[in-house]
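Here are my notes on the model, as numbered points.

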Amino acid sequence: MNDCIFCKIAKGEIPCYKVYEDDKVLAFLDIAQDAFGHTVVIPKKHFANIFECDEETLSTCISAVKKISNHYVNHCGFEGVNISNNNGKAAGQTVHHIHFHIIPRKSGDGINIYNELAGDNTPLDKQLELLKLN
Ligand code: 5GP
Ligand code: ZN
């Protein structure tokens, strides 16, 4: 995609702080600097989101996410990771090239990844009426 910022990063047209690369995937530090080590993992091929992305590419991305997460915990002094992925504007996606966020975590680091959730008291059986798949 010509106007996609992550495609430009994948092609080396825009610089990034590269954490990991192989022939299919690239991982780099998020420009937001909102948490130490905040990392973005992308497929080099453009897909907008999880709805468009093929399963093989998703699987390749998640394997890279796991490899990087293992590295952060086994070699970089972290104790855990949060992994997130936004799909669609309504879900807060701002760059429409599928990507996975990795936030490396340590006990007592003060990060509350869910502090923006407002809560929902709808009984779980009512929620299931809408959501059940099989
Ligand atoms: P989203 O909100 O779509 O899940 O996440 C997009 C992420 O991309 C944001 O966290 C944002 O800071 C990051 N981002 C946007 N533009 C750039 C850029 O040019 N370079 C890097 N490294 N990250 C970017
Ligand atoms: Zn793209």
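1. Donors are taken as N, O and S atoms within 2.8 Å of the metal (3.2 Å for Na, K and Ca); water is not among the atoms, so sites may look incomplete. On that basis the zinc ion (ligand 2) is coordinated by C4 (SG), C7 (SG), H46 (ND1) and H97 (ND1), at 2.0 to 2.3 Å.

2. This is a predicted model, in which local features need pLDDT of at least 70 and side-chain atom pairs pLDDT 80 or more, while totals for chains, interfaces and linings use all residues. Residues are numbered from 1 along each chain as its sequence is written, chains are lettered from A and ligands numbered from 1 in the order in which they are written, and side-chain values use heavy atoms, with hydrogens and water left out.

3. The arrangement around the zinc ion (ligand 2) is tetrahedral because its 4 donor atoms subtend angles of 105 to 117°; four donors count as tetrahedral if all angles lie between 85 and 135 degrees.

4. The donor residues of the zinc ion (ligand 2) follow the spacing C-x2-C-x38-H-x50-H in sequence. C7 lies in helix α1 (residues 5-10) and H46 in the loop between β3 (39-43) and α2 (55-75), so this pair ties together parts 39 residues apart in sequence. Helices (H or I, at least four residues) and strands (E, at least two) are DSSP runs, numbered from the N terminus. C7 has a relative accessible area of 4% and is therefore buried (buried is under 20%, exposed over 50%, partly exposed in between; 1.4 Å probe, protein chains only).

5. Ligand 1 is surrounded by 15 residues, of which L29, D30, N86, T94 and H101 are the closest; a residue counts if one of its heavy atoms lies within 4 Å. The shell divides into 8 nonpolar, 6 polar and 1 charged. Its largest share, 3 residues, comes from α1, and both α1 and β2 (25-29) supply at least two residues each.

6. Which atoms of L29 and N86 approach ligand 1? For L29, a backbone N or O atom lies 2.9 Å from a nitrogen atom of ligand 1. For N86, a polar side-chain atom lies 2.8 Å from an oxygen atom of ligand 1. An N or O atom in the side chain of H99 is 2.9 Å from an oxygen atom of ligand 1. The protein covers 82% of the 520 Å² of accessible area that ligand 1 has on its own (Shrake-Rupley method, 1.4 Å probe).

7. K11 sits in the loop between α1 and β1 (18-21). Its relative accessibility is 51%, so K11 counts as exposed. K11 and K45 are 10.0 Å apart in space, C-alpha to C-alpha, and 34 residues apart in sequence.

Note on methods:
Tetrahedral: all angles 85-135°; square planar, octahedral: opposite > 155°, others 65-115°. Polar contact = N/O pair within 3.5 Å; in protein donor to acceptor, adjacent residues only side chain to side chain. Nonpolar A, V, L, I, M, F, W, Y, C, P; charged D, E, K, R; others polar.
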